[in-house]
Each structure stands twice: as structure tokens, then as C-alpha cells.
Amino acid sequence: MKPKLFARVIMYAVLVFLLILWMYPIVIAIVKSVQVGGWHNYSAVLNHDTFNYWSAIGNSFLMAGLSTMVIILISSLGGYAFSKMQFRGREVIYRALLACLAVPVAAVVTPLFFTVNTMGLRDTRVGVIIPMIAFNVMMMLLLMRNHFDSIPDDLLEAATLDGCGTFTIWRRVLMPLSGSALATVGVLSFVYCWNEFLLPNLLLTSPELFPVPKAISLLQFDRMSLEQISQLYAGLILMTIPSVIVYLFSQRYLQEGVAAGAVKN
């Protein structure tokens, strides 16, 4: 067998293995969701007595959407500052911020709860949105800085000679060149915020405010029947559909953004 053909066979074998590895739990979940009760389980989740699925979808879109927009704004401004601006302590501050990535949400649950409760934001959407932004923006800041590092400084110098200020350079020079990177940040932020379970579970008590992950968790309890287990799987499948759709429609920009951030001029 020729070396190139052998390498291609190995590559496809590895890809097929990874495909099976990733698809197996999804296929199992779909099969389990219709194993007892059939497709009626999906209707039962959509019209459940314990919670309003469509209201939960609206809450998730609101929280994830607002969080994503703020994350895009903060990460793009911060990435610009740490990449193109010179100020004392820049690297120290940047590395200190990146160190926060090593702190899991579960490690700060207690101080987070008391802080949000003291501010009077417990059991409110804002009380969930602010922590979601804080815990996701650092990774996006890293992506945006890497992207801005790939943009030549000559463009900024030319804009400065034309009389552009700092904010104008960010808005009229960098942002138009960052479509793929912004799409990457937007998609990843939306998916992370959409799937967030710990923060809503910790900070929300009113059912009308529950996002989808928290609402679907109400389907799980002790001594479940086989039909109830199938309904739980149906709820999990319904929960993932919106984020999958968002990813599928933006995967081209996501791939371009990741590639752009990995190459520096």
C-alpha cells in the first residue's frame, strides 16, 4: 500500500472512530427518549404540568443572548487593549486575569451566593447573567487578543495618522476585520451560557424564571418509571436542539475564527 493511501486510510479510521465516540451517547439518548411512550414523550415535555417549556426557552434565549452580547463587547475591548495598547503592568494584569480561568465556578459558590443575595439580585435574571458573563469572558478575551495580535500594527498607525482616536480605531478598523473572531466568541459564549446549570440552580427559585437546563431538571426525581425516564431523555434532546442549530448555522465562521486566532502575521 502506498504511503499516502495508508495515511489517508488511517486518517479516515480515526475520524470514524471519533464520530462513533461522539455520536454514541446522542443516539442512545434519542433511542431512550422513545423507548417507552414513543414520540408522545416529546409532546409530554412540551406540555408538562410542572413547568412551561416555551417560557423556559424564552428565559434561556434572553439570558444567553444578553450575556453573549456583553461578552463580545468586553472581550473585544479588552483584547484590543491587551494586544495593541501599551500601558504599565499590561502583561501582569493580563496573566492575572487568565489565572481566573483555573478557578472553577463550584469553588466560589458560597461567596457568589452571598454576594448576589446581598446585592438583592437573587432570584432575578440579572443575578444570573452577571456571573455568567464573569465566568465566560476570560476565555473569550484570550481568543480576541490572539486575533488582534494577527492584525498588523501598520493599519493602526495609518489610522492614527488619519486622525482616528483609540475608540475609533477599535470601531472602524479592528471590528470590521474581526467578523470571524466575533462569530467564534458569540457562538461559544451562547452555547456555554445556554448549557449553564449550576448558576440558575443556585440563584433562581421562581419556576417562571427557570432556563431550559433548570426546567428540564424538574423531570428528574427518585423512583422514576420507565416512561418518566424516557421523558427525561426527551427533555434533554429538546434542550440541546437550539444550541446545535446555532452552531450548525455558524460553524463556518467558527472554524475561520479559530484558524485566524492561531496564525499571526
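This is a predicted model: local features need pLDDT of at least 70, side-chain atom pairs count only at pLDDT 80 or more; totals for chains, interfaces and linings use all residues.
Helices here are DSSP runs of H or I with at least four residues, strands are runs of E with at least two, and both are numbered from the N terminus.

Residues are numbered from 1 along each chain as its sequence is written, and side-chain values use heavy atoms, with hydrogens and water left out.

**Annotated spans and helix α9**

- The unreviewed UniProt entry gives "transmembrane region" for residues 9-31, 51-80, 92-114, 126-144, 173-192 and 232-249. Its positions follow the numbering used here, feature names are shortened, and annotations may be inferred rather than shown by experiment.
- Helix α9 covers residues 179-194, and its 16 residues reach 22 Å from the first C-alpha to the last, close to the 22 Å expected. The expected span is 1.5 Å times one less than the number of residues.
- Most of α9 is covered, with 13 of its 16 residues buried. Buried means under 20% relative accessible area, exposed means over 50%, and partly exposed is in between (1.4 Å probe, protein chains only).

**The nonpolar core and its surroundings**

- A nonpolar core is a set of buried Ala, Val, Leu, Ile, Met, Phe, Trp, Tyr and Cys residues joined through side-chain atoms within 4.5 Å. The largest one here has 57 residues, and Val45, Tyr53, Val212 and Ile216 make the most contacts inside it.
- Helix α6 (residues 125-149) supplies the largest share of this core, at 10 residues.
- Ile216 is in contact (heavy atoms within 4.5 Å) with Val45, Phe51, Tyr53, Leu232, Gly235, Leu236 and Met239, leaving aside neighbours within four places in sequence.
- Gln231 sits in helix α12 (residues 226-262) and counts as buried because its relative accessibility is 14%.
- Not counting residues up to four places away in sequence, Gln231 touches Asn41, Ala44, Val45 and Leu219.

**Salt bridges**

- The whole structure has four salt bridges, each a side-chain nitrogen of Lys or Arg within 4 Å of a carboxyl oxygen of Asp or Glu.
- Lys84 and Asp153 pair up at 2.8 Å, N to O. Lys84 is in helix α3 (residues 53-84) and Asp153 in helix α7 (residues 153-161), so this pair ties together parts that are 69 residues apart in sequence.
- The Lys84 end is buried, at 15% relative accessible area, whereas Asp153 is partly exposed at 43%.
- Glu91 bridges to Arg145, with the closest N and O atoms 2.8 Å apart. Because Glu91 is in helix α4 (residues 90-99) and Arg145 in helix α6, the pair ties together parts that are 54 residues apart in sequence.
- Arg145 is buried at 10% relative accessible area, while Glu91 is partly exposed at 30%.
- Arg145 also meets Asp149 in a salt bridge, at 3.9 Å from N to O. These two are four residues apart in helix α6, so about one helical turn separates them.
- Asp149 is partly exposed, with a relative accessible area of 24%.
- Put together, Arg90, Glu91, Arg145 and Asp149 are linked in a network of salt bridges.
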